[in-house]
Amino acid sequence: MSTAGPVTIESAALWFPDDEVKVSGLPELADLPIAQREHALSLGIDTVRTGEGYSEVDLAHAAAVEALRKSSVDATQVDALLLVQGRVPQYLLASEATRLQRKLGASRAFTTTVGDLGCVSISAAFALAAALLRGDPQCHNVLVVAAAKSPTRSRYRTPMTLLGDGAAAVVVTTSGTGLYEILDQMVLSDGRYSDLFRIDYQDVRAADWVEECADEPTYSFRLAVESRKRFTEINAEILTRNGLERDAVGVFLMQNLSVGAFAFWGEALDVTIDPICRENLARFGHLGSVDIALNLERAASAQAPGEHTLIMNSSPVAAWSTALLRRLTDAHLGGK
């Protein structure tokens with residue numbers, strides 16, 4: 001039986017490639033139909049970082065090194081390393097997680113990937129991290145790392161968003177200090193939408209890979225209605241089982257897709273999505289699982305100790321997660 005204390009996000013670090021491009025200058029826009037080009041320019045995304053020459057493990061490594069530095073944890077002291085599965089691995093059959101383990105020097109860490117749930121994969125990683133810390137008395141820290149890199153030549157994902165490159169790493173512990181205490185979390189999924197978004201890669205040259213939405217009406221209407229119902233239910237359940245009213249939540253965060261998505265969710269759930277999400281969207285575009293860590297790290301500096309944060313995370317595959325966090329007093333802020 002573990003005697004672990006509260007599970008906390010002790011530090012979070014971000015890393016982005018230096019190359020920044022304006023969305024309006026992306027060459028691919030010229031190849032899009034007019035309606036899609038206008039949609040891409042109306043998402044509320046001004047710039048994205050591009051990691052040409054970097055693998056996802058390279059990006060993940062840079063963020064992980066910074067997160068460990070913030071927590072004053074040597075790589076050899078990492079008890080568990082959870083790599084959030086990327087959009088496209090560098091190789092089939094090979095191990096991205098153990099490649100990162102070796103680059104870091106996290107030689108004694110229990111190491112694995114967590115993925116297959118799109119943007120919600122990082123929420124699943126937090127759930128596994130909390131379970132390890134609460135259930136294994138030998139596990140004192142978990143390093144969760146996520147990287148995002150556009151898997152195709154086109155960064156525009158119709159009809160949803162536009163992709164940037166970057167990475168985030170989070171040290172989760174039972175130290176009782178850091179940015180946030182993770183109070184509760186739920187993760188749900190529904191296999192009816194498992195291949196709604198996909199890339200057909202077998203018998204297709206990598207240069208010809210295309211992200212496809214198999215059924216746009218299903219995504220835009222049926223899944224939107226389903227997601228509204230899911231978030232309404234799990235948000236209420238999370239708050240009820242923690243004895244909180246919705247007014248007790250000071251900050252609502254979610255992943256960064258578009259200004260239209262923020263407006264939709266704000267109205268559908270009768271909440272105000274924190275402006276930091278819109279700012280990060282404009283600067284970095286959509287970063288998949290990295291979005292949640294980015295928004296948490298950047299929101300922390302403006303939050304008062306004890307303030308509650310509700311994070312809503314969803315994926316078109318489809319999965320949903322809501323997490324309830326409480327701001328702590330011992331912050332380790334920063335990041336490139």
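Of the elements that line the second largest pocket, α5 supplies the largest share, with 5 residues. This pocket, found in a predicted model, has a volume of about 430 Å³. Its lining consists of 22 residues, and those that lie nearest the centre are M160, Y219, L257, A261 and W265. Two or more lining residues are given by each of α5 (216-241), α6 (259-269) and β14. When the lining of the second largest pocket is divided by residue type, 12 residues are nonpolar and 10 are polar, while no charged residue is present.

The largest pocket contains about 1,500 Å³ of space, and the elements that contribute two or more residues to its lining are β6, β11 (197-199) and β12 (211-213). In total, 50 residues line the largest pocket, with G86, R87, V88, P151 and I199 lying nearest its centre. The lining of the largest pocket includes 13 charged residues, alongside 22 nonpolar and 15 polar ones, whereas the lining of the second largest pocket has no charged residues.

Rolling a probe the size of a water molecule over the atoms shows where empty space is left. The structure holds 3 cavities of 30 Å³ or more, and the largest cavity has a volume of about 90 Å³. Around the largest cavity there are 13 lining residues, of which F126, Q185, I292, I311 and A323 are nearest the centre. At least two residues of this lining come from each of α4 (121-135), β10 (180-189), α8 (290-300), β14 (308-315) and β15 (319-327), and β15 provides the largest share, 4 residues. By type, the lining of the largest cavity comprises 8 nonpolar and 5 polar residues, with no charged residue among them.

Attention then turned to helix α2 and the segment that follows. Helix α2 has 16 residues and reaches 23 Å from its first C-alpha to its last, which is close to the 22 Å expected at 1.5 Å a residue. Just after α2, S72 takes a positive phi of about 55°.

The loop between α2 (56-71) and β4 (80-84) contains D79. Because its relative accessibility is 11%, which is under the 20% limit, D79 counts as buried. The side chain of D79 makes a polar contact with the side chain of R108, at 2.6 Å. When neighbours within four places in sequence are left aside, D79 is in contact with R108, A109, F110, Q138, C139, H140 and N141.

Residue A80 lies in strand β4. With a relative accessible area of 1%, A80 is buried. Not counting residues up to four places away in sequence, A80 touches A109, F110, L132, C139, N141, V142 and L143. Although A80 and V171 are 91 residues apart along the chain, their C-alpha atoms are separated by 9.9 Å.

Key: Residues are numbered from 1 along each chain as its sequence is written. This is a predicted model: local features need pLDDT of at least 70, side-chain atom pairs count only at pLDDT 80 or more; totals for chains, interfaces and linings use all residues. Side-chain values use heavy atoms; hydrogens and water are left out. On a 1 Å grid over the protein atoms alone, a cavity is a set of points where a 1.4 Å probe fits but cannot get out, and a pocket is an open set with protein on both sides within 12 Å along at least five of seven lines; lining residues have an atom within 4 Å of a point. Grid points are joined across faces, edges and corners, and a volume is the space filled by probe spheres set on the points. Ala, Val, Leu, Ile, Met, Phe, Trp, Tyr, Cys and Pro count as nonpolar, Asp, Glu, Lys and Arg as charged, and the others, Gly among them, as polar. Buried means under 20% relative accessible area, exposed over 50%, partly exposed in between (1.4 Å probe, protein chains only). A polar contact is a pair of N or O atoms within 3.5 Å; within protein, one must be able to donate a hydrogen and the other to accept it, and residues adjacent in sequence count only if both atoms are side-chain atoms. Contact means heavy atoms within 4.5 Å. The expected span of a helix is 1.5 Å times one less than its number of residues.
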